[in-house]
Amino acid sequence: MRQDVEAIAVIYRNLGAPVAEQMVTRALGELALTMAGIAEKVRAQELRDLSRQLGRLGRLAADLGLLTLATVAGDAKICLERAESTAFAAVWARLLRVAERSLAADMGLADQWV
C-alpha cells in the first residue's frame with residue numbers, strides 16, 4: 001500500500017499540531033462515511049451517482065496521502081463508467097480490502113462498511 005506521508009506533514013506544518021490533528025481526524029471520518037455510503041449503494045445495487053461518490057472518495061484519499069486507496073477508487077469509477085460489471089466486482093472487492101487496511105488500523109472505522 002502506497003502512502004504519501006508528506007501530505008499529512010504539510011497539513012501539520014501549515015496549521016500547527018492541534019488544528020491539523022482536528023482537520024485530519026475530521027477528514028478521515030469523512031472518508032470513512034463516504035466509503036460507508038458507497039458500500040450501502042453497492043449492496044442495494046443503486047449505481048446512480050456512484051461514480052461521483054467514487055471520485056469524491058479518491059480525492060479525499062489523495063488529499064490525505066492514501067495513494068493506493070485513491071488509485072483503487074479511480075479504478076472502480078472507470079469500471080463503473082464503462083459498465084464492466086465483472087471488473088467492477090473485482091475492483092470493488094479490492095477497494096474494500098484497501099479501505100479496511102487504510103482506515104481500520106488508525107481509526108477502527110472499517111466496521112461501518114464491511
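User: Why is R52 called partly exposed?

Analyst: R52 has 49% relative accessibility. Buried means under 20% relative accessible area, exposed over 50%, and partly exposed in between (1.4 Å probe, protein chains only). The value of 49% lies in between, so R52 counts as partly exposed. Please note that this is a predicted model, in which local features need pLDDT of at least 70 and side-chain atom pairs count only at pLDDT 80 or more, while totals for chains, interfaces and linings use all residues. Residues are numbered from 1 along each chain as its sequence is written, and side-chain values use heavy atoms, with hydrogens and water left out.

User: What makes the pairing of R52 and D49 a salt bridge?

Analyst: The term requires a side-chain nitrogen of Lys or Arg within 4 Å of a carboxyl oxygen of Asp or Glu. The side chains of R52 and D49 meet at 2.7 Å, N to O, so the pair qualifies. D49, at 33% relative accessibility, is partly exposed. In general, side chains of opposite charge can pair when their charged atoms come close.

User: How many salt bridges does the structure hold?

Analyst: The structure holds 5 salt bridges. One of them joins R13 and E6, with the closest N and O atoms 2.3 Å apart. R13 is exposed because its relative accessibility is 55%, whereas E6 is partly exposed at 38%. Another links E40 with R43, where the closest N and O atoms are 3.2 Å apart.

User: How are E40 and R43 placed in their helix?

Analyst: E40 and R43 are 3 residues apart in helix α2, which means that about one helical turn separates them. Helices (H or I, at least four residues) are DSSP runs, numbered from the N terminus. An α-helix has 3.6 residues a turn, so residues three or four places apart point the same way. E40 is partly exposed, with a relative accessible area of 44%.

User: How does the span of α2 compare with the one expected?

Analyst: Helix α2 has 27 residues and reaches 38 Å from its first C-alpha to its last, close to the expected 39 Å. The expected span is 1.5 Å times one less than the number of residues. After α2 comes Q45, whose phi is positive, near 55 degrees.

User: Why is T34 called buried?

Analyst: T34 has 6% relative accessibility, so T34 counts as buried. T34 is in helix α2, residues 17-43, and the buried residues of this helix also include A20, V24 and L28.

User: What does T34 touch?

Analyst: Leaving out residues up to four places away in sequence, T34 touches Q53, R56, L57 and L60; contact means heavy atoms within 4.5 Å. Q53 is in helix α3, residues 50-63, and is buried at 15% relative accessibility. Under the rule that leaves out residues up to four places away in sequence, Q53 touches T34 and I38.

User: What makes L15, V19 and M23 a nonpolar patch?

Analyst: Patches are made of residues with over 30% relative accessible area and no salt bridge; like charges are joined within 9 Å, and nonpolar side chains (Val, Leu, Ile, Met, Phe, Trp, Tyr) within 5 Å. L15 has a relative accessible area of 39%, so L15 passes the area requirement. Together, L15, V19 and M23 have about 230 Å² of accessible area, by the Shrake-Rupley method with a 1.4 Å probe, where for residues only the protein chains shown count as cover.

How values were computed:
Helices (H or I, at least four residues) and strands (E, at least two) are DSSP runs, numbered from the N terminus.
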